[in-house]
Structures are given as C-alpha cells and as structure tokens.
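Student: I have a model open and want to talk through its folds. Where do we begin?
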Amino acid sequence: MAVDLSKYRNIGIFAHVDAGKTTSTERILKLTGKIHKTGEVHDGESTTDFMEQEAERGITIQSAATTCFWNDHRLNIIDTPGHVDFTVEVYRSLKVLDGGVGVFCGSGGVEPQSETNWRYANESEVSRLIFVNKLDRLGADFYRVVDQVKNVLGANPLVMTLPIGREDDFVGVVDVLSKKAYVWDDSGLPENFEITDVPADMVDDVDMYHEQLIETAVEQDDDLMMAYMEGEVPSVEDIKRCIRKGTRELAFFPTYCGSAFKNKGIQLMLDAVVDYLPAPTEVDPQDLTDAEGTPTGEKAIVSADEPLRALAFKIMDDRFGALTFIRIYSGVLNKGDTILNSFTGKTERVGRMVEMHADERTELSSAQAGDIIAIVGMKNVQTGHTLCDPKHECTLEPMVFPEPVISIAVSPKEKGGAEKMGVAIGKMVAEDPTFVVETDEDSGETILKGMGELHLDIKVDILKRTYGVELNVGQPQVAYRETITQKIEDSYTHKKQSGGSGQFGKIDYRISPNEPGTGFTFESTVVGGNVPKEFFPAIEKGFKGMMEEGPLAKFPMLDVHVELFDGGFHAVDSSAVAFEIAAKGAYRQSMPKAGPQLIEPIMKVDVFTPDDHVGDVIGDLNRRRGMIKDQEAGATGVRIKADVPLAEMFGYIGHLRTITSGRGQFSMEFSHYLPCPQQVAETVIAAAKERDEAK
C-alpha cells in the first residue's frame with residue numbers, strides 16, 4: 001500500500017534546559033492523541049491535575065520518537081535533551097529529521113545551549129519554526145526574545161503570532177496572517193478558546209506585523225512581489241506557499257508564541273508544522289558514502305520504490321529489551337527481512353518492529369521510506385550505522401562525534417563487581433557514542449572518557465542506580481595533546497641486511513605545524529620516481545600510526561603536516577614494510593627537534609550570575625586562567641562568556657554556587673586546544689614521566 005509521504009512530518013523539538021521542550025511535546029501528544037482516539041473534542045474530564053504533577057516532576061517522555069496525528073498529517077516527533085554535555089543527542093537527532101521546532105523560554109530567551117543547538121541545525125540545514133514558550137511567566141517578553149533571535153543567533157524570525165497580555169494576564173495570541181485573536185479561558189483546557197477580533201489596543205501593532213509578514217513572504221516569488229508593489233494584495237494561499245518555500249530554504253523562521261504549560265497557542269504551532277515544515281520528499285536527500293566516509297556522489301532518494309536504506313540514530317535499553325531507533329530513507333522494511341549492516345558487513349534478521357505512540361507501542365509488520373521506528377533486539381548495530389538491502393550495499397553519510405576531553409579511572413568497590421560493571425558499561429557505550437571506555441593495560445584500570453564533568457558524573461550515577469554497580473572513582477584527568485611549533489627538514493634511511501632479502505627505504509621529508517584543528521595531513525611532492533608511488537600509503541601509515549604518542553609526555557599529536565619530497569629505493573630490498581618502518585624511525589628522530597609543545601583543551605564557558613556577584617565571578621574566572629570574551633546584561637542577571645582551560649574547571653559548579661549564593665548557573669563545551677603555560681606543561685610532563693616509571 002502506497003503511503004502519501006507529503007502527509008509526513010519528521011520533526012525534532014530542541015531547546016535549552018528548562019525552556020519547556022518536554023512540556024511542549026507532552027501537550028502536543030495530549031492534544032493530538034485525544035483527537036486521534038475519540039474523534040471529537042473532549043471536554044470536562046479533569047486530566048489536568050494529573051498532568052500538572054507530571055510537569056512539576058519534570059518527567060520526560062520515555063521514548064525517543066513518538067508518532068501522532070494532526071489535520072490528517074502524521075507527525076513523528078523526537079524529543080531531544082537540552083544539556084550541553086549531551087549535544088551529541090541533539091546532533092544525531094538532527095541528522096534524521098526533516099524539520100524542527102526551536103523552543104525558547106519567554107523570560108530566559110536565547111540561552112547558551114540554544115545557540116549550540118541552533119548552530120548544529122544550521123550545519124545540518126534543517127528547516128525550523130520558533131516557539132517562544134512560557135509567556136505566562138514573570139519577566140517573559142516576546143519582543144525581547146525575537147530581538148535576541150536576530151542579534152544572538154543572527155537568524156531572521158518571521159513573526160506569525162503576537163501575545164495578548166503579559167505574564168499573569170497572558171490569555172492568548174493573535175494570528176498575524178488572518179488578523180484573528182485566539183483567546184483561552186481559565187480552565188487550562190487547550191480546546192476552550194474562542195476566535196474573536198483583535199483587541200483594540202493591538203490593532204496598530206498587528207497591522208504593522210501583518211505588512212512585514214507579507215513583504216517578507218512575497219520576496220520568495222518575483223511575480224507576486226511585482227504585483228504587491230503595484231498594490232495587489234496576494235491571496236492567503238499564495239502567502240502560505242511563499243512562507244513554506246522560505247522556511248524550507250532557511251530564509252526565515254516562522255515564529256509563534258504561547259504557553260505549553262497553560263495549553264495556550266499550541267494548535268497554531270501544530271498547524272504551522274503541517275503548513276510550513278517540509279515533508280520527507282522535500283528535503284535534500286542524504287549523501288551516500290563509501291566505507292571510508294568519502295561521498296560517492298549518489299544520494300538516498302526518499303521513496304518506497306528504491307532499495308532499503310536506513311540509519312540507526314539512537315539505541316535505548318528499556319524494559320522490553322534493546323531498542324534501535326531507525327529512520328528509513330528509502331525502500332520498505334518487513335518483519336522477518338534480512339538486512340545488512342554496511343558498517344560491520346554482517347546481516348541481521350528483523351524480529352519485532354514497533355512504533356511509539358503517545359503512551360503505548362504498536363507492533364508493525366512493515367514500515368517504509370519516511371518512517372521513524374524502533375527495532376527490538378538488534379545485536380551489533382550502533383549509532384550511526386547504515387542498514388540496507390544486502391543486494392544493494394550502501395553507506396549513508398555517517399555521523400561525526402566529538403572527541404572526549406576528560407577521563408576518570410574507576411574500579412568496582414566489590415570484588416566480584418568487574419563483570420557486572422563490564423556488562424553495564426557495554427550497554428551504556430552503545431547508547432552514547434561520546435562516552436568512551438578504555439582499559440589501561442599496565443594498571444588494569446578502567447578509564448571512562450566523556451564530554452565534561454557532568455557527563456561522567458551522570459554515567460557513574462547511572463551505573464550505581466540503574467545497574468547497581470558501586471564504583472571507586474579517581475581524580476578527573478584532562479585530555480592533553482601535543483603539537484609542534486617549528487618547521488624541520490630531515491632525512492631517514494632504514495636498511496637491514498641479513499641473509500636473504502634485505503630491507504631498504506630512504507625518505508627525505510619536511511615536518512611543519514598545521515593549522516589548528518586540521519589534525520594530521522600528508523602530501524608527497526616527490527618527482528622523478530625516487531620513491532615509487534605505491535609506497536606513499538605505507539609512509540603515510542607509518543607517520544600516522546606514530547601520532548598516537550607525542551615526544552613530550554606520550555599524549556597524542558595534533559595538527560602536524562608531513563611532506564615527502566625525496567628519497568631513495570632499492571629494486572629488490574624496498575617494500576611497503578621497509579618504508580613504513582622508515583617513517584616510524586623518522587618520526588622518532590625528528591619530532592623532538594620540531595619544537596614540541598603541550599596543548600590543553602580550552603572550554604567555551606557560559607556563566608549566568610545575578611548582578612551583585614558579577615565582579616566575584618569574573619575575578620574567579622581570571623584566576624582560573626580564563627579569557628573573558630563577552631558579558632551581556634539580561635533581565636534577571638548577567639551572562640559572562642569566557643574561554644577557560646578545562647584543567648581549571650573541575651568542581652566549578654560548587655564554587656560558583658558558593659560565590660553567587662546558589663543562584664549562578666553555567667554550561668561549558670569543548671572549544672579548541674591552546675598551548676599550556678610553561679609551569680603547567682612542566683607539571684604535566686613530570687607527572688607523565690612518574691606514571692611511566694611506576695609502570
């Protein structure tokens with residue numbers, strides 16, 4: 001049976017912590033779920049009390065993706081977490097979405113995390129609506145948030161609704177396009193509203209925004225624009241078509257307002273999801289790549305008639321077993337099918353497939369292009385793996401995850417706890433690609449690596465609460481790196497002669513510092529065949545393999561460029577292995593001479609503090625070797641942005657609470673690497689030597 005993909009909307013809801021993502025999602029599900037089930041608008045049953053507690057407790061909808069219906073369109077909604085240590089969740093959700101709703105708090109406005117998420121969405125080129133939430137709160141100001149969207153995010157908000165009343169007196173919204181007011185009563189029920197004329201004191205504002213709306217919309221269509229300039233008023237259909245086009249091309253972001261908690265304004269936002277966000281077929285298709293991640297130039301066209309292609313984007317363990325959430329890009333998937341995981345090269349049989357509805361799950365016998373579903377009990381599938389038809393192997397553009405910047409050593413408190421800990425950690429690594437676990441071979445310790453102190457705290461907490469594994473936790477360690485500061489030209493010959501065939505490889509090379517953030521690069525400028533082409537990969541492999549251990553303290557090397565410009569070979573004794581060994585010897589010989597330097601991770605720190613503690617917070621950040629980048633005053637306090645070395649940020653939250661009487665907040669994310677000051681470098685290198693000697 002063919003499904004009309006134009007009726008699908010795959011959307012994500014993303015925002016800063018506490019802007020009301022989950023409450024918004026809950027409200028959408030309540031609104032759509034009721035209508036979907038009973039077929040008539042439902043009134044008078046007091047479900048609201050139950051909901052309020054749920055909202056107060058801040059319970060999140062358990063499933064990663066849920067499906068609901070609105071105006072005979074099917075919405076697949078993915079709720080994403082807001083906290084900065086979990087940006088990877090947002091990032092990977094964006095990969096599989098066609099559109100999104102950015103929720104901003106009416107009083108908090110554009111907060112640090114919303115900036116990061118917005119940047120990710122820009123990079124993934126996802127069309128978005130904006131919903132300014134919590135307009136019933138003290139200090140909420142819709143117009144201020146709209147200005148912040150322009151100034152802080154550099155985005156173009158297209159105002160579609162205006163709030164009626166402020167804070168406690170917020171009663172509804174005006175639809176700018178139709179110039180109608182939607183006013184809710186005090187029952188808190190979403191369906192108890194009436195449509196009236198615009199309040200008299202708002203008529204001028206509404207006219208002004210209406211004109212701006214039409215002017216912005218007709219820019220998407222030259223003919224309409226010409227007609228409009230000559231005084232013709234475009235039809236509502238034409239305007240909507242233009243808004244849809246502009247939204248899809250990220251020219252602007254239709255902006256709505258309301259209060260999810262008080263059930264006001266959600267319907268208009270849902271209408272906008274259907275009216276303006278793209279269907280799966282309208283989004284640029286995903287690139288297909290080869291196993292190394294190089295684009296092949298082919299695209300995954302969204303259609304049920306193509307071969308099966310799907311991407312696993314999230315893995316969750318729940319009481320029903322391991323769930324692998326997948327987005328199907330093309331083709332059809334039936335229960336019992338055998339599918340290929342192109343990453344592992346292994347096939348798996350699809351047992352149970354389920355679809356998440358508001359509060360229950362439905363067993364499926366088949367799913368197809370455009371669907372977001374979960375498969376129960378897949379064995380070796382991880383986040384970012386492509387699942388495809390075994391006859392048509394392909395790889396969807398894989399997800400790239402940031403490197404961890406912090407690590408802690410852990411060991412189980414109980415003697416027999418090691419196996420239990422291993423099983424639990426295995427499940428957690430599958431769920432979160434930015435959480436990395438290694439075993440230190442010499443000391444036998446288990447090392448957990450993550451995106452920040454909070455990230456690892458939560459992992460340790462999950463091990464304790466969910467899996468019952470008590471741990472001894474060591475001091476957090478910073479992921480230092482090494483790089484070089486000088487350019488050096490050098491030569492190295494590897495030769496070995498002992499009965500039988502010998503080994504010979506001579507390379508002349510230049511090693512130079514690379515642009516920060518570019519990593520290791522290799523080029524060959526050899527002319528005249530002094531080193532045959534077929535040995536270049538071996539030489540590159542030799543250098544690259546050695547980058548794991550720098551000359552100062554055995555931290556990995558970053559940002560090094562190696563140029564092979566000459567060398568020599570022997571017709572019989574030269575081999576790929578000989579040249580690889582030569583490259584390794586060259587690395588050991590030359591790196592210490594190229595001005596090696598220890599570099600440390602610098603975090604982008606965003607601190608919020610009440611006005612009266614600004615001096616203390618800035619002084620404290622300076623003492624932590626921080627560089628203050630920016631400070632801006634908001635309604636309730638000041639936001640300070642700074643770049644601070646991770647090494648100085650341990651335990652910061654406790655300290656910040658102390659100096660701001662418990663009212664400060666902060667978030668941080670990895671920004672870049674910078675050279676360590678001399679004293680810091682000496683201490684770190686000495687500690688590394690001690691560790692080595694102890695081993």
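Tutor: With a definition: two strands pair if DSSP finds at least two bridges between them. Strands (E, at least two residues) and helices (H or I, at least four) are DSSP runs, numbered from the N terminus.

Student: Ground rules for the model and the numbering?
Tutor: This is a predicted model, where local features need pLDDT of at least 70, side-chain atom pairs count only at pLDDT 80 or more, and totals for chains, interfaces and linings use all residues. Residues are numbered from 1 along each chain as its sequence is written, and side-chain values use heavy atoms, with hydrogens and water left out.

Student: OK, strand 25. How many bridges join it to strand 27?
Tutor: Five, and the two strands run antiparallel. Strand 27 covers residues 446-450. I406 stands opposite G450 there.

Student: Which way does strand 25 pair with strand 28 and strand 29?
Tutor: Antiparallel with strand 29 (residues 477-478), over two bridges. S407 sits opposite Q477 in that pairing. Strand 28 (residues 471-473) is also antiparallel to strand 25, over three bridges. There, P412 has L471 as its bridge partner.

Student: How many of the residues in strand 25 are buried?
Tutor: Six of its seven residues, so to speak a mostly covered strand at 406-412. Buried means under 20% relative accessible area, exposed means over 50%, and partly exposed lies in between (1.4 Å probe, protein chains only).

Student: How many bridges between strand 31 and strand 32?
Tutor: Nine, with the strands antiparallel. Strand 32 spans residues 503-513. S491 stands opposite D508 in strand 32.

Student: At what angle do helix 8 and helix 9 pack?
Tutor: About 80 degrees, with their axes 9 Å apart. That makes helix 8 (residues 236-248) roughly perpendicular to helix 9 (residues 266-276). Angles of 65 to 115 degrees count as roughly perpendicular, under 35 as roughly parallel, over 145 as roughly antiparallel, and the rest as oblique.

Student: Which residues meet there?
Tutor: K240, I243, R244 and T247 in helix 8 meet V274, D275 and Y276 in helix 9. The contact has three nonpolar, one polar and three charged residues. Ala, Val, Leu, Ile, Met, Phe, Trp, Tyr, Cys and Pro count as nonpolar, Asp, Glu, Lys and Arg as charged, and the others, Gly among them, as polar.

Student: How many disulfides?
Tutor: Zero, taking a disulfide as a pair of cysteine sulfur atoms within 2.5 Å.

Student: Is C242 buried or exposed?
Tutor: C242 counts as buried because its relative accessibility is 2%.

How values were computed:
Axes fitted to C-alpha atoms, helices over the stretch in contact; angles between N-to-C directions. Contact = heavy atoms within 4.5 Å.
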